[in-house]
Structures are given as C-alpha cells and as structure tokens.
Amino acid sequence: MKIRRILVSLSLLLALSFAVWSALAHDGEHHSPGGNGQPGDVPLRAMGSTPCVGGMAGTFPCNKVDLAALLPVADIDGTDAPGITANDIWGWTDPQTEKEYALIGLSNGVAFVDVTTPDAPVHLGNLPGHTVNSLWRSLKVYRNHLYLVSEAPEHGMQVFDLTQLRGAAGPPRAFTETAHYNNFGSAHTIAVNEETGHLYVAGSRPGAGRTPNVDTCPASTSPSGAPRGGGLHIVDARNPAAPSFAGCVNADGYTHEAQCVVYRGPDAQHQGREVCFNANEDTLTIFDVTNKAAPVQLSRTTHEPYWDRVAEPDQFRGYMHQGWLTGDHARFLLNDELDEQRMPLAKNRTFVWDVSDLDAPSVRGIFEGSTESIDHNLYVRSLHAFQSNYRSGVRVTDVRNAATANLSEVAFFDVYPVDDKPLFNGTWSNYPFFASGTVIASGIEQGLFVLRPQVNLPVRIDYEPFFVRQQYRDFLGREPDEAGLGFWTQDIEKCMGDAQCREVKRINVSAAFFLSIEFQETGYLAYRLHRASFGMAPAFSGFNADARQIGQGVVVGRDGWREQLDANKTAFVEAWVQRPGFLAEFPAGMNGQEYVQKLFQRAGVSFTITEAQAAVDAYGTGDVQGRARALRAVVEGHSVVIGHKSPAFVLMQYFGYLRRDPDQEGYNFWLAKLNQFQGDFVKAEMVKAFIQSAEYRQRFGN
C-alpha cells in the first residue's frame with residue numbers, strides 16, 4: 001500500500017510538472033529540469049569537425065548531418081556565472097566580407113560567433129541584456145542590425161549595429177547596444193518582414209508610461225482574467241538605428257509567434273499584400289497588415305479534433321506555436337508545442353496548412369515525426385524544413401511534396417542523447433539560411449552547434465537568395481533592395497520540387513536584369529555611349545565603373561528614382577564629352593551636322609532624318625551641355641537602342657557572369673545563335689549556357 005501511494009504521488013507530481021511547464025510555455029519562460037543530455041551528465045567540451053559515422057558524431061546520434069563544431073555555453077556566455085542557458089538563435093552574413101556570424105541568445109544577453117570557417121568558430125564577444133537575466137530571448141536581423149526582445153520585465157527591444165563585428169578578433173569583448181526601443185516592456189518573440197522594413201513583436205506588454213494604441217499596444221488577458229502579453233506590436237525599422245511605433249494587431253488576443261511576408265501565393269485576391277500568419281495558441285490567425293494603422297483579420301481557424309468540448313470550460317489539447325511558409329506560399333507548416341503532453345501523443349506532429357485561400361485556410365494533413373519529443377521552431381529553406389525539436393535535436397524534413405502533406409524526415413542531429421522525452425530541454429531553435437549551407441542551432445544546456453547537413457542542400461549560386469543577389473551585383477552594380485530580392489527569390493522558390501520549372505525561372509530571372517529598366521538606362525547606356533563615341537564595344541575593365549556611376553543611388557520603383565537617374569545621366573554625359581579620348585575623336589569646333597553624323601557613323605546603325613535633326617537641334621552652340629545633349633539624343637534614340645540590343649546582350653553575358661572580356665570566337669558564336677532565334681535567349685539557350693557553365697559556377701566555389 002505504501003508503494004502504491006508513492007507511485008500515485010510521483011505520477012501526480014509528474015502531471016503537475018507537465019501542467020506548470022505547459023502553462024509557462026504559453027506566455028513567459030519555460031525550461032524543464034534535467035542535465036545537458038550527455039550520459040551521466042558528463043560536462044561538454046568544445047568540439048571541432050566530427051563527421052556523422054555509423055549514426056554517431058561523437059556522443060551525439062545523427063543521420064546525414066556532420067558536426068562542424070560545438071561551443072558549450074560556458075565558452076561563450078561572457079561570464080563565470082553558473083546556470084547560464086541558451087535560447088533563440090539567428091544568423092547574419094556581412095554583405096561586404098561574406099563572413100557568416102551566429103547570433104545566439106543567452107539568459108544573460110547574446111553571444112556573437114564567427115562561423116565563416118565552420119569547424120573553427122571564433123567567439124567575438126557578447127551584448128548583455130538590457131535589464132535582468134531571462135531564460136527567454138528572441139532575435140532577428142534587418143539591414144545589418146540585430147533586434148532583440150526578452151521576457152525580462154521592461155526589457156524593451158535592443159538594437160545592435162552588426163557591422164561592429166567587422167574586424168573584431170579575440171579576446172572576446174563586451175559590446176554595447178546601439179539603440180533601445182522602450183515602447184513595450186517584455187515580449188515573447190520578434191518577426192521581421194525584410195521586404196517592408198517592419199518588425200512584428202509578439203506577446204508584448206505595454207511600456208511604462210506609454211498609451212495603448214497610441215505609442216504602444218495593449219496587453220491581453222488570460223482565460224482567468226490575468227493580464228498577459230498581447231498580439232503584434234508593429235515597429236517601423238526602415239531607419240534601422242531609430243525604430244518607431246507603427247501600429248498594433250490585437251483583434252485576436254495573444255500571439256505567440258508570427259511570420260509576416262508580402263504574400264505571393266495562389267490566393268489572387270491577396271497577392272502583393274503584406275500578410276501575417278499568427279500562431280495564436282489555439283488558432284492560426286491571418287491578418288492583412290498592409291495598412292499598419294488598420295490591420296484586417298482575414299481568418300481565424302482552429303483544429304477542431306484537438307478540442308475537448310466536454311471539459312468545463314472547453315480545453316484545447318495542443319498549442320499552435322510557430323510556423324513557416326513553403327516557397328510557393330501555398331502551405332504553412334505549423335508546429336504544435338504541447339500536443340505531445342496534452343493529447344497525449346507517441347510522436348510529435350507538424351500541421352500542414354493549406355493557405356491557398358487566406359480567408360478559409362484548412363489543415364491539409366499532419367506529418368508525424370519520428371520521436372515523442374516536443375517540436376519547436378521550424379524554418380523552411382528551399383525544399384527542406386529544419387525543425388528544432390528539443391530533446392531529439394534538429395530534424396530535417398523534405399517538403400517538396402507539401403502540397404499533398406507528404407513530408408519525410410531525411411536527416412537529424414540529436415543534441416540530447418540520453419532520451420527524446422517530451423520535455424523542454426535540448427535545442428531551442430536553428431538558423432538554416434547561410435548561403436554556405438552551414439546550419440547553426442542553439443542547445444539550451446549545451447550551447448552553439450555548427451552543423452553541416454549532407455542532404456544536397458543548394459549552396460551559394462545554387463541557393464535562390466544568393467543567386468538573385470548576385471544578379472543585382474553583377475548587372476546593376478549594387479546590393480539588392482529588399483523588395484526586389486524577395487520578389488525574384490520567391491519567383492523561383494514557388495516552383496517547389498519541379499526541377500524544370502526552377503531551371504526556367506532561373507534563366508528568366510537572370511535575363512530580366514539585362515532587360516530591366518534599370519540596366520537599360522545604366523549599363524546598356526554606357527555600352528551605347530562607347531559604341532557611338534569610339535565605334536567599338538567597351539572593355540570590361542572600365543565598363544563597370546561607368547555603369548555604377550550612372551546608376552548611383554537609383555533603385556527603380558523608389559520615390560524620386562527618375563529624377564535621380566536623369567540627374568546622373570546629365571552629369572555623366574557632360575563629363576564624358578570632356579574626356580580626352582572623346583575630345584580626340586570629336587574635337588571642339590565641329591558643327592552640329594558633322595558631330596551628329598559622325599556619332600551615327602560610329603554607332604553603325606541606320607537612323608531616321610527625324611532622329612538626326614533632333615540631335616542637331618540639341619547640339620545648339622556646341623558648348624559642353626549642347627554636345628552632351630546631342631550625344632544623349634543619338635544613343636537614346638530608337639535606332640541605336642534597338643540596333644545594339646543583341647550585341648550588348650551577348651557582351652553582358654561575359655561581363656556579368658564571367659567578369660571578363662569575351663573571346664572573339666565565343667562572342668561570334670552566341671551572337672549568331674541569338675540572331676538565329678530573333679533575339680529569343682530562351683530558344684538560343686544562351687543565358688542557360690552561361691549560368692550553368694563551369695567558369696561561372698567556379699566563381700562561387702560550386
């Protein structure tokens with residue numbers, strides 16, 4: 001009888017523990033008792049490259065994921081204090097140096113680690129939290145700035161300029177925040193839509209002295225009436241170091257996590273709108289947040305089989321925690337953090353939501369995982385989802401058949417070897433978006449894991465965001481604007497598992513940069529100026545500088561871009577006609593007729609009388625401004641623009657992709673082939689040949 005009483009007491013204690021942890025998992029902090037997951041709780045030490053062999057990488061179970069490095073919490077927490085734990089994690093790639101950095105949240109702040117060389121990470125330093133220590137932090141990056149929130153009281157949002165990490169070397173040092181946003185106090189998570197420059201802070205509480213719906217967002221209340229965090233607090237971060245309040249999304253109470261995007265999925269009614277997919281505990285709630293001052297709730301959908309309608313009050317036996325869209329914006333993969341305990345379940349579940357109709361989303365199917373561990377943060381990169389499932393580690397899932405909810409686990413790295421119990425230990429989150437293919441993950445008790453999945457992950461030039469970014473750099477001579485990067489990347493990713501579709505999209509996306517207004521008015525203009533001035537195509541060595549100068553500060557679509565472009569053109573061409581090389585060919589004293597005739601002769605095209613007269617009229621008295629106006633009239637005229645389109649298109653294949661002057665044989669071959677197909681680059685297979693060439697791919701180590 002005594003034994004039975006003890007067993008009953010233990011079972012009640014376990015049930016109570018689950019209940020407490022489950023409650024804390026909703027709004028606040030959570031962490032289960034337990035060690036570091038090593039047999040015998042043996043302390044972890046830093047590890048270097050440890051391949052996954054025979055299902056193990058050192059003491060860690062694995063499948064098709066190699067361990068590049070492990071840095072224990074004690075090695076990166078910036079203190080000698082005991083009990084520091086890890087939490088959220090994100091990454092940053094320096095656009096100037098291409099270095100990759102892990103940004104790992106800790107209970108006392110955040111650690112910065114250079115993971116450019118995956119098997120030799122370098123701890124650069126730490127940013128302390130703004131107030132007291134907290135088990136929970138959440139972080140994201142926008143325009144080279146880190147944004148960090150916490151459940152610590154009155155923590156607000158820390159802002160840190162990540163470019164401070166450039167050139168940083170040991171020993172690790174303490175950094176200071178760049179700015180602080182105090183319109184809210186504590187918060188649970190943060191999301192960023194890089195295309196619009198807005199942050200979405202979930203589960204926040206009003207900042208001290210702030211007015212709800214004026215400069216902060218209201219809290220919500222729990223079913224018992226207790227105050228708790230609210231919905232989404234919207235922050236305008238387009239001036240990265242000076243974020244400002246933008247609005248609230250609070251029509252559906254507490255929000256746990258969100259993904260906010262410019263929607264380009266199948267629902268035509270909402271295409272191009274900014275939409276947030278909110279994990280709101282017992283619902284997936286979708287909002288149109290295009291108008292930050294007046295968000296519109298599109299739908300609020302629960303999963304009825306998880307409701308216990310007999311209980312008083314009704315109880316939802318799960319917890320809609322966090323999710324991520326697939327590349328086609330047609331499916332939303334949503335993890336449920338508590339169904340393993342509340343249902344209970346033998347295996348964790350990921351819900352595949354059909355969001356092809358944002359006004360009426362539905363559960364298309366449920367993917368059952370391979371362990372009983374709690375499933376946590378997941379992110380989709382191309383055709384794989386990377387899910388941090390606490391005690392069972394990072395699980396890698398093939399999502400190419402998400403349309404039919406047919407997912408499959410293809411790899412994993414288990415950070416908590418002793419068991420896979422449904423408790424809050426092990427990996428909290430991961431970041432799979434480095435172009436190199438390195439994946440970083442945080443272990444609550446363990447530290448920073450640097451992983452190398454062996455699942456044919458597209459890397460560098462095969463990785464869609466990297467590929468698109470490179471088109472901007474090679475053809476427009478600038479970093480991409482966030483809206484353009486998102487648009488062109490998603491145009492490829494929406495193909496999902498259709499390899500032929502992806503190939504065609506990559507060809508069309510790349511060609512679009514040559515055909516774009518921006519290139520036609522900058523790079524192609526520089527080409528035409530050279531042809532009309534010297535009767536030959538430009539050399540690669542000088543072309544890029546000229547094109548960049550014409551395009552300086554121009555982003556088509558932004559306010560004032562036309563005026564900026566015209567000012568650039570005017571200044572550039574006036575300087576061009578004063579270059580020694582031009583003056584040697586077109587000396588001062590030429591009359592307008594001679595000047596214009598020679599330009600058309602050098603351009604090598606037939607022209608109309610109207611075009612010639614317009615150029616002569618622009619010449620005026622033959623001063624610098626007149627000579628520049630006449631030159632622009634010639635090269636911007638229809639005859640020259642059309643006459644050199646194919647030769648310039650071929651030349652730009654060499655300049656853009658191969659970064660060199662063409663060999664004459666190759667140039668002649670492609671020009672003849674392009675002409676054969678009347679300029680149809682797809683039928684000529686020209687762009688395809690260049691972007692698939694070994695010479696191009698070797699530029700990026702592919």
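**Entry 1: the cores**

I began with the nonpolar core, and the largest one in this predicted model has 121 residues. I noted the residues with the most contacts inside this core: Leu103, Phe112, Leu448, Tyr595 and Leu631.

A reminder to myself: in soluble globular proteins, nonpolar side chains tend to be buried together.

I picked Leu448 and listed its contacts, leaving aside neighbours within four places in sequence. Leu448 is in contact with Ala69, Leu70, Leu71, Ile76, Ile89, Ala102, Ile104, Val113, Val115, Ile440 and Ala441.

**Entry 2: helix 8 and helix 9**

On to helix packing. Two packed helices are described by the angle between their axes and the distance between the axes. For helix 8 (residues 523–534) and helix 9 (residues 540–550), I have an angle of about 125° and axes 8 Å apart. That angle makes helix 8 oblique to helix 9. I also wrote down that the crossing of helix 8 past helix 9 is right-handed.

Which residues meet here? From helix 8 I have Gly523, Leu525, Ala526 and Tyr527, and they meet Phe543, Asp546, Ala547 and Ile550 of helix 9. Sorted by class, this contact holds 6 nonpolar residues, 1 polar and 1 charged.

**Entry 3: helix 4 and helix 5**

Helix 4 passes helix 5 in a right-handed crossing.

On the helix 4 side, the contact uses Glu464, Pro465, Phe467, Val468, Arg469 and Tyr472. On the helix 5 side, I listed Gly484, Leu485, Trp488, Thr489, Ile492 and Glu493. By class, the contact of helix 4 with helix 5 divides into 7 nonpolar, 2 polar and 3 charged residues.

**Entry 4: Asn389**

I went to the loop between strand 30 (384–388) and strand 31 (394–398), where Asn389 is found. Is Asn389 buried or exposed? Its relative accessibility is 3%, so Asn389 counts as buried, the cut-off being under 20%. Not counting residues up to four places away in sequence, Asn389 touches Asn348, Ser373, Ile374, Asp375, His376, Arg395 and Thr427.

I kept the backbone for the end. Most residues other than glycine have a negative phi, and most peptide bonds are trans.

Where is there a cis peptide bond? I found one joining Met343 and Pro344, with omega about -10°. Pro344 lies in the loop between helix 3 (339–342) and strand 27 (349–354).

Glu154 is not a glycine, yet has a positive phi of about 55°. I located Glu154 in the loop between strand 9 (145–150) and strand 10 (157–161). With 43% relative accessibility, Glu154 counts as partly exposed.

Arg659 also went on my list: its phi is near 60°, a positive value in a residue other than glycine. Arg659 is found in the loop between helix 16 and helix 17 (664–676). Its relative accessible area is 25%, so Arg659 is partly exposed.

Technical notes:
Residues numbered from 1 in each chain as written. Predicted model: local features only at pLDDT ≥ 70, side-chain atom pairs only at ≥ 80, totals over all residues. Heavy atoms only, no water. Core = buried A, V, L, I, M, F, W, Y, C linked by side-chain atoms within 4.5 Å. Buried < 20%, exposed > 50% of the residue type's maximum accessible area, 1.4 Å probe, protein only. Contact = heavy atoms within 4.5 Å. Axes fitted to C-alpha atoms, helices over the stretch in contact; angles between N-to-C directions. Helix = DSSP H or I, 4+ residues; strand = E, 2+ residues; numbered from the N terminus. Parallel < 35°, antiparallel > 145°, perpendicular 65-115°, else oblique. Left-handed = near helix turned anticlockwise from the far one by under 90°. Nonpolar A, V, L, I, M, F, W, Y, C, P; charged D, E, K, R; others polar.
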